[in-house]
Every structure is written in structure tokens, then in C-alpha cells.
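Reader: I'm new to reading protein models. Could you walk me through a few features, one at a time?

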Amino acid sequence: MTPYEETLDTLCKLLETGDDADRCYASRALGTLGDATAVDRLIERLRDEDLDVAMDAAEALGNIGSRKAVPALLESLQNDPSGEVCTMVARALGQIGDPSAGDALLAMATERPEYLEWDDDWDTWWDVQREAVKALGVLRAEQALDALTALMDDESQQDIEPQILTSLIQISSAGEGRVIERLLNQDRPALNRRRAANALGRSSSIESTRALGRALTDPAADVRAAAARALARKNASTYLSALALLLRDPEQEVRQAAVKAITHLAHKNHRQEEVQQAFQDMLTDPDSRVRATLFGILLPTVADRPLSESSFEIVMTGTGDSQAETAAAACTLLGANGNPAALPRLLELLADEHANPMVRREAATAIGALGQIDSQILGTLETAVSDSQQVVRLAALSALMALEKGGRLTADETDMADSFPTPLQIIIAALEGRIKPAEEQPSPCVEVSLDTRVTQPDPRTEATQDAEAAEDHQNADAATPSQLPQAPTEDTGETDAAPVMSTLDAIALANVENMMGTSHPEKDIQDEVTREYLKIVEENKEIMKRMRSSRRIRPHQDIRRLAARVLAEAPGPEAVRTLIQALHDDDMIVRREAAEAIGIMAREQGNAEELMDALGTLMTQLALSDLDQKIAAARTLACLGNRAALLALMEATAAPEATLRVAAIESLVQLSLNSRNPEDADHMVVRDLPPLSIARKLLEHLDDEDTGVRVAAARGLGQLLAPLNEQQFTRKAVESIITSTTTGTGEEARLLGRALRQFDAGLANELLLDSLHQAENSVKRSLFIEMIEELFADQGASDQAA
């Protein structure tokens with residue numbers, strides 16, 4: 001008996017011998033595995049006294065898809081009083097797709113059985129009826145056409161009309177014809193026509209497409225909108241021009257639907273010439289939103305077919321539109337179009353501090369895309385790096401990097417290249433703090449998440465920005481963590497002063513004091529639950545301090561941080577040296593960005609020798625820096641591929657912070673498996689760690705209190721041991737992974753089951769079955785069953801085929 005067959009046999013026996021929960025879990029697992037050998041046992045459970053078991057058995061039979069189950073399922077459908085069971089049975093019959101079930105399903109869809117019970121105030125027939133209608137469509141049951149049409153016209157059945165329409169289309173072209181008639185018959189309510197349009201959007205026939213095209217002129221706005229969306233879903237690019245007319249529709253709902261449909265079709269179909277010709281005459285539309293949409297539609301077409309001279313001038317004019325979205329879209333289109341004649345206008349926009357930040361951002365990006373370099377371009381971009389708006393700063397730095405990687409000097413300044421800095425030198429100057437914010441007065445702080453990724457600010461009026469700047473000026477030390485509120489202290493004498501506490505701590509301690517009858521619970525509380533609670537309070541307080549200190553940074557910090565991020569894309573040793581130097585910066589945000597940038601360089605550009613100069617600093621930071629820097633250092637050390645970092649990462653797996661332990665484990669495994677031989681790479685490794693030594697360390701972490709750490713250790717063990725011939729240790733590792741599932745909450749059972757796929761399936765299956773047999777209750781058995789599901793999830797179909 002193969003491991004897979006043994007698993008099936010065990011689950012089938014559990015269907016008979018287990019309690020209610022066991023039978024449910026076993027049914028689901030057998031359905032997931034999808035093996036037809038379990039059909040007979042599952043059929044028996046359709047009559048199980050527990051409704052949940054019967055429902056799970058029906059669902060499993062549907063997933064397996066064997067026609068052998070059809071007679072038993074029909075019997076349940078026609079006799080079981082539970083609407084929940086019948087709903088699952090009807091769904092299973094649809095999944096199996098046996099035409100012999102058509103009549104019974106039609107009867108269930110059209111007439112409520114007397115034996116079917118109500119669920120309190122809810123008629124469960126509605127659920128069964130809906131699944132029966134859906135199944136009739138899957139079965140292509142021609143005999144159901146008239147009955148379904150009549151049902152659709154029944155005022156009491158409007159809730160399932162969308163499903164009836166879909167099923168009619170699935171059954172045959174005749175059924176689809178009835179849906180088309182419903183769409184085009186304007187004597188019917190608009191609700192019915194709209195639902196018909198939605199359903200026809202899922203049809204692939206030419207007739208349905210034509211009907212939807214005609215519906216674009218329907219008198220009801222919601223029908224026109226539904227027809228536009230349906231044509232986009234059908235990828236009906238021949239209706240681009242017709243949809244364009246809807247951009248002038250008086251109803252906003254229709255215009256929005258047309259915008260989405262046209263954008264989808266224009267990007268989906270690479271018919272640049274046709275698209276440009278179709279919309280060129282509309283570029284001067286009086287509606288700014290229409291123009292913005294058209295600029296976006298033309299964007300993918302200009303790479304192969306640049307704008308005509310007349311269209312180019314219209315788009316240039318669009319950069320001065322009063323609507324920021326339209327002006328920004330015009331800038332983006334000019335950048336993609338590639339005509340350097342747009343540069344003077346783009347530079348003017350970027351330099352205009354009163355222009356909308358969104359427009360200036362797109363202008364900077366377009367300048368980088370055009371790839372021209374001269375002193376004016378670089379000077380404008382350098383000034384923009386110090387702009388008060390973060391989106392402009394980032395766009396300017398990104399544009400400089402684009403010019404560094406693919407820019408070319410203009411003909412007029414080829415001989416003057418040495419008279420002005422290169423784009424890379426400007427970025428480096430920004431990182432080193434030599435480019436200061438433009439204004440001296442306080443400016444708004446930038447909101448930054450814990451991983452230092454930027455939250456883009458929304459465009460705001462100058463008045464709003466000035467108000468915010470004034471507010472920030474009152475909090476000049478915003479980068480310093482705010483002090484938590486202090487609780488009132490009591491007179492405790494000179495040698496017994498109460499510690500300063502946050503409000504949250506004070507409330508917690510007051511509650512404990514009331515319970516324990518002591519004035520100083522922090523000293524003598526022995527209750528384990530209370531101590532654990534107070535520990536969590538302290539941990540949360542530390543997290544809040546980190547969040548407050550990392551959330552807000554000043555513009556000069558932001559310039560440096562963004563420069564470090566952009567510098568990750570730069571080729572060559574100069575950028576590497578600058579980033580390594582930034583690892584020693586006084587600003588922790590700059591240090592973290594530099595570490596992450598070095599990691600990106602290592603991943604994308606290979607393990608250049610220059611990058612190895614960062615090794616020592618990163619290893620020191622992994623041991624001694626703040627938590628975020630430690631995590632960044634761990635991840636970057638893995639990318640560098642130098643085995644000298646193995647020992648440092650090994651030590652970091654014992655860190656008190658779970659997030660760092662996870663990062664260290666993942667990096668340790670990655671470095672162990674993806675690093676060059678030290679001698680070949682000319683790396684000095686004081687103490688190399690073989691994979692088995694690392695695996696032994698990970699084995700200890702399977703008992704970790706944190707779920708994420710346990711899962712990371714299990715995955716790492718599978719990766720490390722897969723290429724090794726260590727049968728005894730591998731067996732121990734698999735046993736430990738399985739045992740660790742019961743030490744936590746059980747939420748990681750499926751994740752650990754997936755980790756077991758990296759091991760020998762026979763061994764993992766054997767040990768899982770042993771644990772399943774020895775489990776003392778259904779809760780633990782359910783965990784092992786979930787792991788078995790994950791272990792064999794992709795093997796059921798292949799075993800059946802074999």
C-alpha cells in the first residue's frame with residue numbers, strides 16, 4: 001500500500017469510527033484529495049445524523065466528481081428535509097455534470113417540496129433553488145428552457161433572476177436568444193434589461209455582442225452603463241468608437257463606465273493606429289475629464305506610433321489644463337511620446353512651485369523618460385530634489401536615475417559635459433545631505449510607515465499646507481518620540497517612589513490592585529495571567545514608541561532617504577561606496593534605507609566585489625543596532641552571498657524579537673543555500689556552518705512561542721535537508737514539525753503541512769498517520785488531517801491518472 005493509499009484508508013475509516021468533528025474533517029480532506037475510491041464511504045455519510053457531516057460529504061462528492069454518486073445524491077435531493085444538505089447536494093450534482101440529474105433539478109428549481117424544512121424565518125428552498133438553477137445551466141438542460149423563462153417572469157422570483165439569465169445562456173443559443181430579447185425589449189423594466197446586459201457580458205457569441213452594442217443607446221442610464229461594462233468584459237474592441245460617444249453622455253454613471261471600458265479595450269488591444277485615429281478628433285473635447293481619459297488611452301499607442309504634429313500640440317496645450325488630472329495625464333503622454341520638443345514646457349511646469357504637485361511629479365517623470373541631458377535640465381531637477389513636496393522630490397530623483405542609466409547629452413552641450421555634475425553625482429549629493437530643503441521656514445513632516453515606505457500625500461491647497469506647516473513648527477522636535485501620558489503618583493515615601501506610567505499602564509495596574517488588594521502589584525503579583533497581561537502592555541508600549549519615532553521625518557531627512565532608495569538602481573562602484581558610507585550615518589532612517597538599497601543591488605546586479613565592503617558593518621548592525629536596522633541587515637546579508645555572515649545570522653535567531661528571529665532564520669537558510677564557495681569567492685570565513693549545523697539550530701525553534709518563527713523554521717528545515725542524505729535527522733525534523741502543531745493555537749497547521757511537502761512524502765505521511773492514530777481528541781486529529789490535506793493536495797489527481 002502506497003503512502004497515499006494508506007492515507008485514504010485511514011480517512012475512510014475515520015468516517016465510520018470518528019466523532020462528528022472527525023467525520024467532518026475526514027470528509028473535507030477526502031474531497032480535497034479528490035480520489036474516487038472514497039465515494040462509497042462518503043455516500044454513506046449523506047445520511048449521517050449530523051447535518052454538518054452530511055453537508056461536508058455532499059461537498060466532497062461534488063469535488064471528486066464521480067458519476068457513481070449521482071443516484072445517492074438524487075435520493076438526498078428528493079427526500080432530505082434539510083435545506084442546507086439539499087443545497088450542497090444540488091451544487092454537487094452541478095459539479096458532477098451528469099445529464100440524468102436534469103429532471104430532478106428542474107423540479108427542485110420550479111416547485112417547493114413539501115418535505116423541505118424552514119430555518120426559523122428563512123425558507124431554505126431559495127438556497128436550494130438557486131443551486132438547482134445554476135446546475136441546470138452547467139448540465140445544458142434543454143428541457144429547462146421554458147420553465148426557467150417562466151420562472152424569470154415570476155415577480156416572486158426576482159432574486160434569482162441573474163442566475164436564471166446566466167443558466168439560459170449556458171444551456172443553448174435558444175436560451176441566449178431569450179436573454180437578448182429581454183435586453184432589447186424596452187417595454188420591460190430597466191432592472192431586467194440591466195441584468196440581461198450583465199449576463200450577456202459572459203457570453204462569447206457574436207449575437208450577444210451585437211445586442212450589447214445596440215443597448216448602448218438604451219434610454220436607461222444604468223442599462224447603457226451595464227452594456228459598456230459587458231462589452232469591455234467581452235473584449236469587443238470594434239465598439240471603441242461607439243463607447244467613445246458615451247464619454248459625452250449626460251449621466252455620470254455612463255461616462256464612468258465608458259471610461260473604464262475604453263481604457264480596458266485600448267490597453268488590451270495593440271491597435272495603435274486605429275486607436276489614435278478613433279480619438280484624435282476628440283482630443284479637443286470641452287470636457288476636461290474626457291480629455292484626461294483620451295490621453296490615458298493614447299499612452300500605450302505612442303511607443304510604436306508617435307503623435308501627429310497636430311495631436312502633439314493639443315497635448316502640449318493640455319499640460320496647462322485647470323484640472324490637475326488632465327494636465328498630469330498630458331505630461332505622462334508627452335514623456336512616452338518621446339519628442340524632446342516638449343522639454344521646455346515640462347521644465348517650466350516642474351520649476352513652478354505653485355503648480356499642482358501631481359502635475360509637477362508627472363512632468364519630472366516625463367523629463368527622465370525623454371532622456372535628454374543638459375545643464376538646464378539637470379539644474380531644474382536638482383532644484384526639484386529639494387522641493388517642499390515629497391512627490392516632487394521622489395520624481396526628480398527617479399528622473400535623475402533614469403538619465404544616469406539611459407540619458408544622452410544634447411548636441412549643444414556635448415563639449416561642456418565637464419562643466420556640470422552628472423545625474424549620479426546629484427543623487428549622491430542628496431544622500432550625503434549636501435542638497436538642503438528649498439525654504440528655511442518649517443515645512444510639513446512626511447508620514448512614513450514602519451518599513452519607511454512613503455505614503456504619498458494628496459495634493460493640497462497652499463493655505464492648507466501653510467496651516468500644517470505652522471502646526472508642525474509648534475512641534476519642532478517631532479522626530480523625537482512623544483512621551484506617553486503619566487498616571488498620577490502617590491506619596492510612597494522617599495525610598496519607594498512609584499514609577500512613571502502611561503495611562504494604559506495605570507488603568508491596568510489599578511485594576512490589578514483592586515483584584516489583588518495590594519498597592520504595588522508590580523512588585524508582588526504572583527498570578528501568571530496578570531503578569532502575562534502586564535508583559536503585553538509593556539510590549540505594546542514599546543511598539544507605540546517605535547511607531548511614533550519612525551512615523552514622521554523632516555524634509556531634509558526625506559531627501560536623503562529617497563536618494564538612498566533611488567541609488568539602489570545605479571550601476572557602478574561609486575554608488576556602492578556611497579551607500580556603504582551611508583551605513584554609518586547618524587540618521588537611522590538613512591542607515592536603514594542604505595542597507596535595503598545594498599540588498600537590492602546584490603539581488604539585481606549580482607554579488608559585486610565592491611558590495612562585500614558592507615559585510616562587516618552589516619554584521620555589526622545585526623548585533624547592535626535598532627530592531628528595524630537589524631532586520632534590514634539580516635535580509636541584506638542573505639543577498640550578499642558571503643558565508644562569513646552565517647554565524648552572525650545564527651546568533652540573531654535567538655533575538656528576543658520574533659520579527660527579527662523570522663528574518664534571521666529566512667536569511668540564514670537563503671545564505672546557506674545560495675552562496676559561493678568561500679575559496680572560489682575569495683571570502684574570508686572564520687567559521688563556516690554546514691547546512692546540518694544550521695538545521696539543528698532551526699530544530700530548536702520549532703518550540704518557539706511565536707507562530708511565524710515556527711513556520712519559518714519548518715520551511716527552512718525542508719529547504720536545508722532536501723539535498724542531504726540525513727535520514728535519521730530528517731525523521732526527527734519531521735516528527736518535531738508535526739509535534740509543534742499541537743503546541744500553539746493550531747492556526748499554522750496548514751502552513752506546516754505545506755512545509756512537509758519538501759520532505760519525503762512517505763516519511764511525512766507515516767509520521768502524520770501515527771500522530772493521527774495517537775491523538776486523544778478530535779481537535780488534535782483535525783490539525784493532523786489538515787496537514788495531510790496540504791501534504792497530498794496536489795497528488796490526488798496525479799495518482800488517479802497513474
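Author: Let's go through a helix pair, some salt bridges and the nonpolar core. First, this is a predicted model, where local features need pLDDT of at least 70, side-chain atom pairs count only at pLDDT 80 or more, and totals for chains, interfaces and linings use all residues. Residues are numbered from 1 along each chain as its sequence is written, and side-chain values use heavy atoms, with hydrogens and water left out.

Reader: At what angle do helix α2 and helix α4 pack?

Author: Helices here are DSSP runs (H or I, at least four residues), numbered from the N terminus. For the angle, axes are lines fitted to C-alpha atoms over the stretch in contact, and angles run from 0 to 180 degrees between N-to-C directions. Helix α2 (residues 20–33) and helix α4 (residues 51–64) pack at about 10 degrees, their axes 8 Å apart. That makes α2 roughly parallel to α4, a label for angles under 35 degrees. Contact means heavy atoms within 4.5 Å; on the α2 side the residues making it include D20, R23 and L30, and on the α4 side V53 and A57 are among them.

Reader: Which residue meets D20 in a salt bridge?

Author: A salt bridge is a side-chain nitrogen of Lys or Arg within 4 Å of a carboxyl oxygen of Asp or Glu. D20 pairs with R23 at 2.6 Å, N to O. Both lie in helix α2, 3 residues apart, about one turn of the helix. An α-helix has 3.6 residues a turn, so residues three or four places apart point the same way.

Reader: Is R23 buried or exposed?

Author: Buried means under 20% relative accessible area, exposed over 50%, and partly exposed in between (1.4 Å probe, protein chains only). R23 counts as buried because its relative accessibility is 8%, whereas D20 is partly exposed at 34%.

Reader: How many residues does the largest nonpolar core have?

Author: A nonpolar core is a set of buried Ala, Val, Leu, Ile, Met, Phe, Trp, Tyr and Cys residues joined through side-chain atoms within 4.5 Å. The largest one has 245 residues, and L105 is among those with the most contacts inside it. Helix α24 (residues 390–406) gives the most to this core, 10 residues.

Technical notes. Helices (H or I, at least four residues) and strands (E, at least two) are DSSP runs, numbered from the N terminus. Angles under 35 degrees count as roughly parallel, over 145 as roughly antiparallel, 65 to 115 as roughly perpendicular and the rest as oblique.
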